[in-house]
Amino acid sequence: MNQAKYTNRYGDDILFTELSKTEIEISGFTHYRRSEGFIDPSGGPYIEVGTDIGRYFNDKKVRRVSSIGYDNEKIILIIK
């Protein structure tokens, strides 16, 4: 399981956890805005469909968000 951490402007550690090659869970925040096409944790990072979140991982592999799923308390970024 590959994991990456991003520290936002409020000092929150946002975690990206690969669940599979096509699913990444984003966590580490409580307040956020969302829609079908974006997730915006308070303090960042703003992520929308089409965003390459690969920059948060050490391997720099392209991980482009194709959709965003919400399952109870989990937010899952679907990667294409």
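**Entry 1: burial and surface**

I began with burial: of the 80 residues of the chain, 38% count as buried. I note here that the model is predicted. I then looked up the accessible surface of the chain, which comes to about 5,000 Å². Carbon and sulfur atoms account for 45% of that surface.

**Entry 2: elements and overall form**

I listed the secondary structure next. The chain has eight strands and zero helices. Read from the N terminus, the order is β-β-β-β-β-β-β-β.

I checked the radius of gyration against the globule rule. A compact globule of 80 residues would have a radius near 12 Å, and the chain has 11 Å, so the two agree. Along the principal axes, the C-alpha atoms fill a box of roughly 25 × 25 × 20 Å.

**Entry 3: charges**

I looked up the charged groups. The chain has 12 positive and 12 negative charges. Their mean positions are 5 Å apart.

**Entry 4: aromatic rings**

How many aromatic pairs does the structure hold? I find five. One that I followed up is Phe-16 with Phe-57, a tilted pair with 6.4 Å centre to centre and 55 degrees between the planes. Phe-16 sits in strand β2 (residues 13–20), while Phe-57 sits in the loop between β6 (47–48) and β7 (65–71), so the pair ties together parts that are 41 residues apart in sequence.

Are Phe-16 and Phe-57 buried or exposed? Both are buried. I also noted that Phe-16 and Phe-57 belong to one aromatic cluster together with Tyr-6 and Tyr-56.

**Entry 5: Pro-45**

I turned to Pro-45, which I located in the loop between β5 (38–41) and β6. Pro-45 has 6% relative accessibility and therefore counts as buried, the cut-off being under 20%.

Which residues is Pro-45 in contact with, leaving aside its neighbours within four places in sequence? I list Tyr-6, Ile-14, Phe-16, Ile-39, Asp-40 and Tyr-56. Among them, Tyr-6, Phe-16 and Tyr-56 are members of the aromatic cluster I noted above.

I also looked up the distance from Pro-45 to Arg-9. The two residues are 36 apart in sequence, and their C-alpha atoms are 8.9 Å apart in space.

Conventions. Residues numbered from 1 in each chain as written. Predicted model: local features only at pLDDT ≥ 70, side-chain atom pairs only at ≥ 80, totals over all residues. Heavy atoms only, no water. Helix = DSSP H or I, 4+ residues; strand = E, 2+ residues; numbered from the N terminus. Rg over C-alpha atoms; globule rule 2.2 N^0.38 Å. Buried < 20%, exposed > 50% of the residue type's maximum accessible area, 1.4 Å probe, protein only. Areas by Shrake-Rupley, 256 points an atom, 1.4 Å probe, with all protein chains shown as cover. Lys, Arg positive; Asp, Glu negative; His and termini not counted. Charge placed at Lys NZ, Arg CZ, Asp CG, Glu CD. Phe/Tyr/Trp six-rings, centres within 6.5 Å; stacked < 30°, edge-to-face > 60°. Contact = heavy atoms within 4.5 Å.
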